[in-house]
Amino acid sequence: MEQKLLEVKNLKKWFPVDSDSFFPQKKQFLKAVDDISFFINKGETLGLVGESGCGKSTAGRSVLRLLEATEGSVFLDGEDIYNLSSSRLKKKRNEMQIVFQDPYASLNPRLKVRSIIEEPLIIHTNLTKKQRREKLSQLMQDVGLDESYLERYPHEFSGGQRQRIGIARAIAVQPKLIVMDEPVSALDVSVQAQVLNLIQDLQEKYQLTYLFITHNLSVVKHISNRIAVMYLGKIVEIADRETFFKDPKHPYSGALISAIPEPNPKLKKERVILQGDVPSPVNPPSGCPFHTRCPLVMDRCKSEVPQLKDVGNNQIVACHLHE
Ligand code: SF4
């Protein structure tokens, strides 16, 4: 039976913003993440998708407690990381790591690769110097880099190589969960596939569990077991990969899928063009947050908030069309 590694319950991350000039006494918030719940089974990859600004990166950081959530709980292997003593949280931190989007900004330019990857081993493990040396050479092998590169600085590498270094640093302490935050978006298309394959190989080798955040549906199709779609801080659909791509239930999911480029020009695909921009998360629309752009909008969508409903087949969706 599948075992849940991560369980996120009613997570909110709201940021206070400057008050309305007409009603200065009224506090305003940017609701980057607004009451989301999901789980990830051990060894599984959950793809978290949506347009930029939908709150997916904030969700990833709040799950790891790199950002303090406004409300909600996050259970990693049964322990609520928002309810731990600081010493227990420090220990728990080595079970969850992150790989950032920008491999240029995420590595300290003044440190050699050796120090960058060794740092978490010094902080989180009791390995001796000799054991750390052995571990470093194993990690370089794991991510397909020559051991001699340990003595170089980040600026001496290409984007793809830097991301490999970021991945080596993330897996160094043998975490259970890794949040991959757009890990290939900043890379040349030619190296994206190599890095994605590496991420998959390492998952198999070390039984890793991934929360894979991306705006790129082709990437998520390649790598995820299940997919969660976010819009304006809320999850609007979760489904297994096959179900999601064959039979998306939420009109927003359908629009995202229709925008995936079709490599075969003979296969005609109807693209759903969404009208307008994503509304402000400070003042989200009433009712269904997607109603201002939904091609299937109905009257009730403007006033009634749709709740996530189980529609069978491991698929949940928040849309009045599926009640
Ligand atoms: Fe569209 Fe209405 Fe469904 Fe929202 S609830 S996605 S507006 S049909």
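Tutor: Helices (H or I, at least four residues) and strands (E, at least two) are DSSP runs, numbered from the N terminus. Isoleucine 260 is accordingly placed in the loop between α9 (251–258) and β11 (309–310). This is a predicted model, in which local features need pLDDT of at least 70 and side-chain atom pairs count only at pLDDT 80 or more, while totals for chains, interfaces and linings use all residues. Residues are numbered from 1 along each chain as its sequence is written, and side-chain values use heavy atoms, with hydrogens and water left out.

Student: What is isoleucine 260 in contact with, leaving aside its neighbours within four places in sequence?
Tutor: Contact means heavy atoms within 4.5 Å. On that criterion, and with those neighbours set aside, isoleucine 260 touches Leu217, Ser218, Phe245 and Lys269.

Student: What makes α9 largely enclosed by the rest of the structure?
Tutor: Seven of its eight residues are buried, so α9 is described in that way. The buried residues are Pro251, Tyr252, Ser253, Ala255, Leu256, Ile257 and Ser258. They pack against β3, α7 (217–223), β9 (226–231), β10 (234–240) and α8 (241–246).

Student: How many residues of α1 are buried, and which are they?
Tutor: Six of the eight residues of α1 are buried, and the helix is mostly covered. Those residues are Lys56, Thr58, Ala59, Gly60, Ser62 and Val63. After α1 comes arginine 65, with a positive phi near 60°.

Student: Where is glycine 55, and why is it assigned its accessibility class?
Tutor: Glycine 55 lies in the loop between β3 (45–49) and α1 (56–63). Its relative accessibility is 9%, so glycine 55 counts as buried. Beyond its neighbours within four places in sequence, glycine 55 is in contact with Ala32, Val33 and Met230.

Student: Why is isoleucine 316 given its class of accessibility?
Tutor: Its relative accessible area is 25%, so isoleucine 316 is partly exposed. Isoleucine 316 belongs to strand β12 (residues 316–317). Apart from neighbours within four places in sequence, its contacts are Val236, Glu237, Ile238, Leu308, Lys309 and Asp310. From isoleucine 238, 78 residues away in sequence, isoleucine 316 is 5.3 Å away in space, C-alpha to C-alpha.

Student: What are the accessibility classes of aspartate 77 and glutamine 207, and why?
Tutor: Aspartate 77 has 30% relative accessibility and so counts as partly exposed. Glutamine 207 has a relative accessible area of 60%, and therefore is exposed. Aspartate 77 is in the loop between β4 (71–76) and β5 (79–80), and glutamine 207 is in the loop between α6 (189–206) and β8 (209–214). Aspartate 77 has a positive phi of about 50° although it is not a glycine; glutamine 207, not a glycine either, also has a positive phi of about 50°.

Student: How many cavities of 30 Å³ or more does a search of the whole structure find?
Tutor: A cavity is a set of points, on a 1 Å grid over the protein atoms alone, where a 1.4 Å probe fits but cannot get out; lining residues have an atom within 4 Å of a point. Grid points are joined across faces, edges and corners, and a volume is the space filled by probe spheres set on the points. The search finds one cavity of 30 Å³ or more. The largest cavity has a volume of about 90 Å³. Of its 14 lining residues, Pro251, Cys288, Cys294, Cys301 and Cys319 are the closest to its centre.

Student: Where does the ligand sit?
Tutor: A molecule sits in a cavity if more than half of its atoms lie within 2 Å of its grid points. The ligand sits in the largest cavity.

How values were computed
On a 1 Å grid over the protein atoms alone, a cavity is a set of points where a 1.4 Å probe fits but cannot get out, and a pocket is an open set with protein on both sides within 12 Å along at least five of seven lines; lining residues have an atom within 4 Å of a point. Buried means under 20% relative accessible area, exposed over 50%, partly exposed in between (1.4 Å probe, protein chains only).
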